[in-house]
Amino acid sequence: MFDKLDRTIINALRRYYISGELTPVEIQETLNISDTVFYKYFKIFREIEQQRPKRLKDVNFFLPPVEREKDNYPEKLNQVLPGIIENTNHRTLKIENIWQEYRALVPDGCTLISFKEYFGRWRKEHNICWFYPQHIKHIPEEDLLELGHWQNSRDLKLWRKAVVIKASLKKRPVKEIATQLEVCHRTVLGWIRLYKERGIEGLREGKYKHMLKRIDRNKLKRENILKLLQQTPKLHGINRTAWTLRHLAMAYEKVYGKTISASNVNICLSRLGYHFLKSRERLVSPDKNFREKMDKIKTILANLQPDEKFFSIDEYGPATVKMKTGWSFTAETEARKIPEKQKIKGWYIIIAALELSENQVTHFYSRKKDSAETTRLIGMLREKYKDDRKLYLSWDEVSWHRSKQLAAYLTQINEQGPPFIELTPLPSSAQHLNVIESVFSGMAKTVIHNSDYDSLEACYAAIDRHFGERNAYYRLHPMKAGKKIWGKEIVPPVFKETNNCKSGLKKKISKTEKKYGPVGEDKD
């Protein structure tokens, strides 16, 4: 009883108690002891003085300890506690909550401090878990039969789930179950909660299918944030030239009517691969008619007829023919070195159109970018698709795509009859939405990067072969652009508002998508 305090200090305390010369504060400072120790021993000495006054000066005498009886609880405590913990609405047996329910039934009951001591002893004697309210109260006969099969199976996870559910019915402590199964107590609580919410089917399917809707919602949230990121803040009444996390959250709530925090926006952008970087290019469009142009393009694609074709058009270059850098398997001692200054063997511009419904590329080489070359491409497309009724052309709003010469040419050929030409220009400064950029990126990664062609003709031959093999593949495997990535294209070549065809980022596939397939993908 007195092993924790030195016996000389206890004897000194007794002498000070008998003499009464010093105040409690002076005694504590002299012996360097706390208030708790001081009052504990003075209480012991007072009891000796009251019961055996003649033995007070005997420093070796102490009253024998009084043993408490196990069932020495306040009146009615044993009767009301079982009912309280069975009917409590709280998730855990928090002492303050249990005491309040106890005092509601017994207004003149014990205080909170006394209740903590009594409840702690009572809970240990009856082996009551802190998570007692979360335990399962009833299991149907058919579920018990199924759990019995799980316990006899060779599937360790099913066996653990069966043991957890049956142990929960018996009100065994959660930590005791977790120790037996060698799992975390949160896992045990998760299986119990899953069974209470979704029954035996919920345990069989696991948490991944249960989370598919949440995954789908999070994906939609990220796509909505990316749509905002590709617009200028001024479209939403924010006088800034670039987005911040706080302003993105404000615009998201204004446009979609759902609250989102700046930190959540940051998480979504990080998972999309976007970070704040100082750059000359930004994924924003200052076009005031951004939404109208996007809605028009999406409406055309949604209602595209068999005798109609939709083309994504752009130019690649000017590009030079010389030794190019790139990634390749190389020994450390044989690292490839590119001269800073080298002789250029030629230069070229590729003007091309990607037809989205059949995934075919039409291209030719040029020495300039102007309206004349654009009319040349349109003539090639009208000749190639002469059996179709209408051709839609989508391109960025550069000067030669808006010239009077081109407008007059389109008016002239539309008067001649089908195929008719209709322009569906992209929003200004939104080249990243041009689908053919993805095809150009795949072409560059395949035949341009890491190259060293001897002549301009050799480079042409490699590019022609690349596009020829690509077109041949999609003629043998007909599908719309976007359902399959061909070669080294970094993103699916599909017209989608959330696509960034110029980005070098690759999509990360989650474990859930690997197991259950893409979540929330648009099916062509």
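## Helices α4 and α5

In this predicted model, helix α4 (residues 77-87) and helix α5 (residues 95-105) have axes that come within 10 Å and cross at roughly 125°. Helices here are DSSP runs of H or I with at least four residues, and strands are E runs of at least two.

On the α4 side, the contact (heavy atoms within 4.5 Å) uses Leu77, Val80, Leu81, Ile84 and Ile85, and α5 brings Ile98, Glu101, Tyr102 and Leu105. Sorted by type, that's eight nonpolar residues, no polar ones and one charged.

## Nonpolar cores

A nonpolar core is a set of buried Ala, Val, Leu, Ile, Met, Phe, Trp, Tyr and Cys residues joined through side-chain atoms within 4.5 Å, with buried meaning under 20% relative accessible area (1.4 Å probe, protein chains only). The largest one has 33 residues, and Tyr316, Phe440 and Met443 are among those with the most contacts inside it. Its biggest share, seven residues, comes from α18.

Met443 touches Tyr316, Ile350, Ile448, Ile463, His466 and Phe467, leaving aside residues up to four places away in sequence. Another core, of 24 residues, lies apart and includes Ile136, Ile139, Trp150 and Ala178.

## Ground rules

Residues are numbered from 1 along each chain as its sequence is written, and side-chain values use heavy atoms, with hydrogens and water left out. Local features need pLDDT of at least 70 and side-chain atom pairs count only at pLDDT 80 or more, while totals for chains, interfaces and linings use all residues.

How values were computed. Axes fitted to C-alpha atoms, helices over the stretch in contact; angles between N-to-C directions. Nonpolar A, V, L, I, M, F, W, Y, C, P; charged D, E, K, R; others polar. Buried < 20%, exposed > 50% of the residue type's maximum accessible area, 1.4 Å probe, protein only.
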